[in-house]
Amino acid sequence: MRTLFFIFMTLCIINLCFPKFGWYLRYGWISRGESEPSKPYMTFTRMTSLVMLFIAFALASA
C-alpha cells in the first residue's frame, strides 16, 4: 500500500510542477509539438493535482 501511495504522490507532484509534460504524453505527441496546452487546461491540471495531494495526505494521516 505504501508503494502505491508513493507512486501516486510522485505522479501528483510531477503533474503539479510540470503539467505540460502530462499534456504532451496524452495529446502533444499527436501534434508533434505544433500546438501547446491552453491556460485553462494548465490551471485545471494544477488545481486537480493539488486537490488530489491534499486528499492523499488526509487519507495517509487517518
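This dialogue walks through a predicted model, one feature at a time.

Reader: What average pLDDT does the protein chain have?

Author: Start with the general rule. Where pLDDT is low, the predicted coordinates should not be read in detail. Here the protein chain averages a pLDDT of 87. Of the residues, 98% score at least 70.

Reader: Which element has the lowest mean pLDDT, and which the highest?

Author: Helix α2, residues 19-31, has the lowest, with a mean of 85. The highest belongs to α3, at 90.

Reader: Next, pockets. What is the volume of the largest pocket?

Author: The idea first. Rolling a probe the size of a water molecule over the atoms shows where empty space is left. In this model, the largest pocket has a volume of about 210 Å³.

Reader: Which residues line the largest pocket?

Author: Look for M1, L4, F5 and F8 among them. M52, I55, A56, L59 and A60 complete the lining. Two elements give two or more residues each: α1 (2-17) and α3 (39-61). The most come from α3, which gives five.

Reader: Now the surface. Which residues form a nonpolar patch there?

Author: Find I14, F18, F21, Y24, L25, W29 and I30. Together they have about 780 Å² of accessible area. Helix α2 supplies the largest share of the patch, five residues. I30 is found in that helix, α2.

Reader: Last, salt bridges. How many does a search of the whole structure find?

Author: Again, the general point. Side chains of opposite charge can pair when their charged atoms come close. The search of the whole structure finds one salt bridge. The side chains of K20 and E36 form it, at 3.5 Å from N to O.

Reader: Why does the pair tie together parts that are apart in sequence?

Author: Because K20 lies in helix α2, while E36 lies in the loop between α2 and α3. The parts they tie together are 16 residues apart in sequence.

How values were computed:
Residues numbered from 1 in each chain as written. Predicted model: local features only at pLDDT ≥ 70, side-chain atom pairs only at ≥ 80, totals over all residues. Heavy atoms only, no water. 1 Å grid on protein atoms, 1.4 Å probe; cavity = no way out; pocket = protein on both sides within 12 Å on 5 of 7 lines; lining within 4 Å. Points joined across faces, edges and corners; volume = space filled by probe spheres on them. Helix = DSSP H or I, 4+ residues; strand = E, 2+ residues; numbered from the N terminus. pLDDT = per-residue confidence, 0-100. Patch = residues over 30% accessible without salt bridge, like charges linked within 9 Å, V, L, I, M, F, W, Y side chains within 5 Å. Areas by Shrake-Rupley, 256 points an atom, 1.4 Å probe, with all protein chains shown as cover. Salt bridge = Lys/Arg side-chain N within 4 Å of Asp/Glu carboxyl O.
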